[in-house]
Amino acid sequence: METISLLHNRRILLGVTGGIAVYKVCTLASRLTQAGGVVDVVMTEAATRFVTPLTFEALTGRPAYTDMWRTSDGSDTAALPTHIAHIGLAHAADLLVVAPATANTMAKLAAGIADNLLTTLALATSCPILLVPTMDAGMWSHPATQANAVTLRERGVHIAGPAQGRMASGLEGEGRMVEPDDILGHVRLVLGREGPLARRRIVVTAGPTREFIDPVRFLGNPSSGRQGFALAQAALDLGASVTLITGPTPLPTPIGATRVEITTAQEMHNAVLLAIEKADVLLMAAAVADYRPETIAPSKIKKGDKGLIPRLVRTPDILSAVAIRWAESGFPRVVVGFAAESEDVVENARTKLTTKNLDLIVANDITAQDAGFAVETNRVTLIGRNGQAEELPLTSKTGVAEAVLKRVVELLAQRHPGGTSE
Ligand code: C5P
């Protein structure tokens with residue numbers, strides 16, 4: 001797994017309470033560690049009935065803490081109780097995640113009870129807290145638990161889930177733990193909140209469009225949407241609120257983004273013009289079709305012996321429409337375009353930068369094997385309004401996204417330091 005800049009060297013206290021979902025929290029501990037986080041696990045006694053501290057120690061490479069009176073290596077610390085020795089944990093933490101969070105632990109946190117190491121740390125820390133409730137549906141919907149959730153939320157605690165689905169009891173209901181990758185998304189959302197793009201609204205387009213010839217055939221392209229989704233995640237990591245307008249792709253929505261699904265170039269045009277009304281930035285990473293069939297046959301076209309030449313007409317150029325709309329508003333915003341080129345990459349991108357009135361263009365040589373459509377990596381050149389080209393080395397699409405967002409932060413700071421959405 002790739003490291004995540006936002007998590008690099010961040011101190012995460014992972015509180016683990018007793019529920020069968022503990023086995024999935026092992027995956028979470030591993031993901032957080034691989035992403036670059038420094039993860040200290042604190043388990044309740046009940047949690048150790050499901051998984052041993054050793055499992056978490058192996059996954060995080062750090063001691064796992066279990067009780068107030070003993071250190072993780074078992075030596076008696078009666079002379080220096082762990083709740084004092086490890087109060088440092090509470091103060092060093094950037095985030096406390098409690099997963100799974102049982103009804104019992106939630107009740108204690110709501111009441112301010114500190115009767116084990118985890119609840120003591122929760123009371124001692126001033127860092128943000130993310131709870132991942134996991135329990136039988138009946139326990140979750142119980143008025144006592146609901147009231148505790150309200151109290152905790154009002155106090156600024158973040159609560160992820162629970163999700164709907166099958167529970168250990170075999171029953172269906174609301175009480176399942178949110179999956180580890182989604183918990184990771186919530187962690188990013190909470191940690192990124194006050195980042196350099198806090199209170200900025202960013203619209204990202206991603207994926208292909210489809211232009212139908214008849215009800216079962218379309219003109220499309222191999223865009224996977226990965227670069228656009230990586231841009232959305234990178235913007236969320238910096239604290240932005242993100243609208244992700246995407247063509248058909250099975251990629252999961254980054255946690256915190258608002259997903260708008262479209263199929264055709266015309267639909268993307270309409271969705272973009274609506275979304276940018278209140279936005280500061282548009283990142284136009286979608287591979288939008290330039291042509292569509294003039295008419296869509298109402299029923300499946302029967303094959304014949306002769307060839308078939310569908311007449312194609314132009315789709316609207318979205319960036320040009322945006323340039324006109326934003327010029328009317330008179331407020332400078334930031335627009336980034338992408339140029340997938342197969343020849344004279346930089347020269348063609350420079351021309352597009354000017355004709356589409358962009359602040360930055362990301363030029364992409366799609367003839368390279370390791371870059372472009374439907375691969376994990378990308379090889380791009382960033383070109384700004386002054387025409388200067390910055391060639392990035394071969395990097396992941398996340399790496400490209402972070403480089404683009406870094407430029408966006410700089411551009412916004414130059415243009416309107418206060419933000420449009422305040
Ligand atoms: O297709 P082209 O190379 O011109 O795309 C360059 C940029 O223009 C991309 O950012 C793309 O998303 C955008 N585009 C657009 N409307 C279209 C086609 C492309 O905004 N109809």
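Where is Pro162 found? Pro162 is in the loop between β6 (158–159) and β7 (163–166). Helices and strands here are DSSP runs (H or I of at least four residues for helices, E of at least two for strands), numbered from the N terminus. Before we go on, a word on the model: it is predicted, with local features needing pLDDT of at least 70 and side-chain atom pairs counting only at pLDDT 80 or more, while totals for chains, interfaces and linings use all residues. Residues are numbered from 1 along each chain as its sequence is written, and side-chain values use heavy atoms, with hydrogens and water left out.

Back to the backbone. Most residues other than glycine have a negative phi, and most peptide bonds are trans. The bond from Gly161 to Pro162 is cis, with omega near 5 degrees. The peptide bond from Ala99 to Pro100 is also cis, with omega near -10 degrees, and Pro100 sits in strand β4 (residues 95–101). Asn9, though not a glycine, has a positive phi of about 60 degrees; look for Asn9 in the segment before β1 (11–16).

Now step back to the whole chain. An automatic or database domain assignment sets the bounds, dividing the chain into domain 1 (5–191) and domain 2 (196–415). Their C-alpha centres lie 39 Å apart. Seven residues from domain 1 and six residues from domain 2 make the contact, where contact means heavy atoms within 4.5 Å. Together the two domains bury about 630 Å², 54% of it on carbon and sulfur atoms. Buried area is the accessible area (1.4 Å probe) that two parts lose on being put together, summed over both.

Finally, let us visit the ligand. There are 14 residues around it, and Met284, Ala286, Leu319, Phe338 and Lys352 come nearest; a residue is near if one of its heavy atoms lies within 4 Å. By class, this shell has eight nonpolar, two polar and four charged residues. Nonpolar covers Ala, Val, Leu, Ile, Met, Phe, Trp, Tyr, Cys and Pro, charged covers Asp, Glu, Lys and Arg, and the others, Gly among them, are polar.

The backbone takes part here too. A polar backbone atom of Ala286 is 2.8 Å from an oxygen atom of the ligand, and one of Pro316 is 2.9 Å from a ligand nitrogen atom. At Phe338, a backbone N or O atom lies 2.8 Å from a ligand oxygen atom. Taken alone the ligand exposes 440 Å², of which the protein buries 91%; these areas come from the Shrake-Rupley method with a 1.4 Å probe. The elements giving two or more residues to the shell are α13 (318–329) and β17 (334–341).

Methods. Polar contact = N/O pair within 3.5 Å; in protein donor to acceptor, adjacent residues only side chain to side chain.
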